[in-house]
Amino acid sequence: MLAVIESNPFLLKFVAIALAVVVVGIVLKMLKQTHVIVYIITGVVIGPHVLGIVDDADLISSLGSLGLVLLLFFIGMEISLPNLVANWRISVIGTILQVIISILAVWLIGQYYDWSLARILTLGFVVSLSSTAVIVKLLQDSGEMDNVVGQNVLGILLVQDVLIVPMLITLNYLSGQETSITEIWMQIIGGVLLIGFVIFLFYKGELKLPFHKTIKNDHEIQVFFAFGLCFGFSMITGFFGLSTALGAFVAGIFVATSKSTEWFHKSLYSFKVIFVALFFISIGMLINIKFLWEHIVIILALVGVVLLTNLFINALIMRGFKMSWKDSLYAGALLSQIGEFSFVLGQIAYFNEIITDFAYQAIVAVISLTLLLSPIWIGLTKKVTK
């Protein structure tokens, strides 16, 4: 028995993760907390900074990234493409305005502390991105994906995913690294092809999947076909230097136009639950309890400023597009946390010496806490605006 465990050390770790999720989940469910909070706290408890049961954060993060891809695939199957296209002004113009205002807010603070342009843009980019994984999960759980707020928020999240590419290019340029012209052209070509395919699906209305008759009643083949389609699209967008999650989302739209969402959902739902859980667990594992405790006052202050600032920036933008104050504030609360892709921006800025080690640790702590507190913050805002 011991020999089997020693030959496969990951087995024990995955058992520990499963048991921890069950125990933490039972306790937090009694307190009426969401699964997102359960997973993040589980990551904190079993991670390298507390019990140290699971110390391979990179492995869990890599597996968790598959969860984000699967999550976007499921969302693509559920959204209404006509509604998404109809609200393009809020998605595109609203997101660009939000990023610009976030950068200006950081610039005002940076003038006092004499920050460089690179640091201002880094922090502006970091706070302007919201969490696709958290928001989509909460909208799904509350059944609000198809209402006006859900559709508008989802549109903004998708545009944010697209804007990550120019943000990364900008940070690399400001750090002195040369940006390959080939990479830029690949991203432009990939973006055009992606938009063109979505437009094709929009006007086509309904498509039939290849081999649909063959796989219709074969559950095992369905699982592999669904996996291949989801991650195949992700691989294509990744090849062009775009977000892999964005590719999965378009794959989901493709499935939706074929009217085959039911068996896709049945085939991959269990995998989605596991990998999405690993994604949030990997975020919890990043939280350094010692650093957090030593700088608790400044970290909590930054968390409060981020949540409030993002709430009002997004609420005002939504209100500017004729949404009611109630819906605008709720949408602002949904978008108020800092997203998972901001970890990537912070990491690149740290490795390129744009920000210090303390700033990077603070960014990780603030992002993690906004993700952890986001369900509670959104719930409170929803109650206040009723």
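Visitor: How many aromatic pairs does the count come to?

Guide: The count comes to 12 aromatic pairs; rings of Phe, Tyr and Trp (its six-membered ring) pair if their centres lie within 6.5 Å, with planes under 30 degrees apart counted as stacked, over 60 as edge-to-face and the rest as tilted. Bear in mind that this is a predicted model, where local features need pLDDT of at least 70, side-chain atom pairs count only at pLDDT 80 or more, and totals for chains, interfaces and linings use all residues. Residues are numbered from 1 along each chain as its sequence is written, and side-chain values use heavy atoms, leaving out hydrogens and water.

Visitor: OK, how do Y113 and W115 pair up?

Guide: They're stacked, 5.8 Å centre to centre with 20° between the planes.

Visitor: And is Y113 buried or exposed?

Guide: Exposed, at 52% relative accessible area. Buried means under 20%, exposed over 50% and partly exposed in between (1.4 Å probe, protein chains only). W115 is partly exposed, at 24%.

Visitor: Which rings form a cluster?

Guide: F197, F200, F233 and F254, linked by ring pairs.

Visitor: New topic: where is S128 found?

Guide: S128 sits in helix α7, residues 117-128. Helices are DSSP runs (H or I, at least four residues), numbered from the N terminus. S128 is buried, with a relative accessible area of 0%.

Visitor: What is S128 in contact with?

Guide: Leaving aside neighbours within four places in sequence, S128 is in contact with Q98, V99, S102, Q160 and M167. Contact means heavy atoms within 4.5 Å.

Definitions and conventions. Helices (H or I, at least four residues) and strands (E, at least two) are DSSP runs, numbered from the N terminus.
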